[in-house]
Amino acid sequence: MEISHAEGAYIYDTNGKEYLDFVAGVSACSLGHRHPSVVNAIKKQLDKYLHVMVYGEYIQQPAVALTKLLANHLPAPLEKTYLTNSGTEAIEGSLKLAKRVTGRSQIIAAKLAYHGNTMGAMSVMGFEERKRAFRPLIPDVYFISFNNEQDLEQITTKTAAVILETIQGGAGFIEPRNDYLKKVRQRCDEVGSLLILDEIQPGFGRTGTLFGFENYNVVPDIIVMGKGMGGGLPIGAFTASRKMMDVLQDNPKLGHITTFGGNPVIAAAALATLREITESDLMAETLQKEKLFRSLLVHPLINEIRGIGLMLAFLTPSAEITNELILRCQDKGLILFWLLFEPRAVRITPPLTISEREIKEGCKIILNVLDQIQKNNKF
Ligand SMILES: Cc1ncc(COP(=O)(O)O)c(C=O)c1O
């Protein structure tokens, strides 16, 4: 599939075929493709200046406005943001910050967690098959089971940070249950460990709130963002209290450096995206759209629908059925995708801007293809 252009919820290939996009660049194109506010913000910034200097040396308005607006929308003490070029790089920064602030080295992560592919982020990935070939990774990393309260005893005074996805993505869109995150928060407070929440996937309106953690009554010490933040351009960020972030600035001086982080064109796109998400009804509509998906996606080959808002995944009875469905739907002009560690899952993370008509159109394709699979295989 070679891309010609993309607009709204549609991608077009060079043969002129149109594809309805239920994946949004793996949750990255939060406002769909080429949203006018994002495109205009980019064009305006293009006419002023592009990269001028390594991040932080000069005052560049798009990055300042973006980080200020983020601070306005985040609960205390989350105030000071460092902008990066990708999600995985923001994870690296958050791990470094936790070590620097606590003076400890141990990191606790979750089994089946995915936080990115650079060395630090890969070290906290809870899936050995994807790590083995790259060992040795960073030491002093231990794994607990997500949603398992007994495992919280493993968080001790040696722990610098517990890093968790607010909703586990690659594992199969697993939500925290029974106040799990609150209990993790409590244990962290008891032993002086930091709580890092990876919001790279649920963040930026996808779950009906600006950040996923707002659904679970908890505030992390460090929040990590990416993907949907850029409205289709590459960006990541980590945010913590001013006091913590200031520690990273000193001894060594400038403890985290990046050339292109805070790039003015990308920051302008992210600022336009954040404004659009927070000033429109998109977040509230996300929950209505979830209801619509749940009411339409009813079929004997759909065992379960997981997730919240427009971070949804449904499970078929087998990896084979999931593969066949995803490939056949693409033939029929609907983009679906897999999850990393749950082969039966089908990802539904469309642009937040998707319309009810488009949701109905896409679900009809899914149901028709599932009917065919059922008939051909006599399930
Ligand atoms: C939860 C989570 N964390 C981190 C990352 C890494 O982000 P990036 O691919 O921008 O490095 C991803 C990307 O899929 C993700 O889903």
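Which residues line the largest cavity? The structure is a predicted model, in which local features need pLDDT of at least 70 and side-chain atom pairs count only at pLDDT 80 or more, while totals for chains, interfaces and linings use all residues. Residues are numbered from 1 along each chain as its sequence is written, and side-chain values use heavy atoms, with hydrogens and water left out.

The lining of the largest cavity is made up of His-51, Val-52, Met-53, Tyr-55, Gln-60, Thr-259, Phe-260, Gly-261, Gly-262, Asn-263 and Pro-264. On a 1 Å grid over the protein atoms alone, a cavity is a set of points where a 1.4 Å probe fits but cannot get out, whereas a pocket is an open set with protein on both sides within 12 Å along at least five of seven lines; lining residues have an atom within 4 Å of a point. The volume of this cavity, the space filled by probe spheres set on the points (joined across faces, edges and corners), is about 40 Å³.

The largest pocket holds about 860 Å³ of space. Its lining comprises 25 residues, with Tyr-55, Gly-56, Lys-80, Thr-81 and Tyr-82 nearest its centre. Helix 3 gives the largest share, five residues; helices (H or I, at least four residues) and strands (E, at least two) are DSSP runs, numbered from the N terminus.

A search of the whole structure finds 16 salt bridges, each a side-chain nitrogen of Lys or Arg within 4 Å of a carboxyl oxygen of Asp or Glu. One of them joins Glu-79 to Arg-242 (3.5 Å, N to O). This pair links distant parts of the chain, 163 residues apart, with Glu-79 in the loop between helix 3 and strand 4 and Arg-242 in helix 7. Another bridge, between Arg-306 and Glu-304, spans 3.0 Å, N to O; here Arg-306 is buried at 15% relative accessibility.

Definitions and conventions. Buried means under 20% relative accessible area, exposed over 50%, partly exposed in between (1.4 Å probe, protein chains only).
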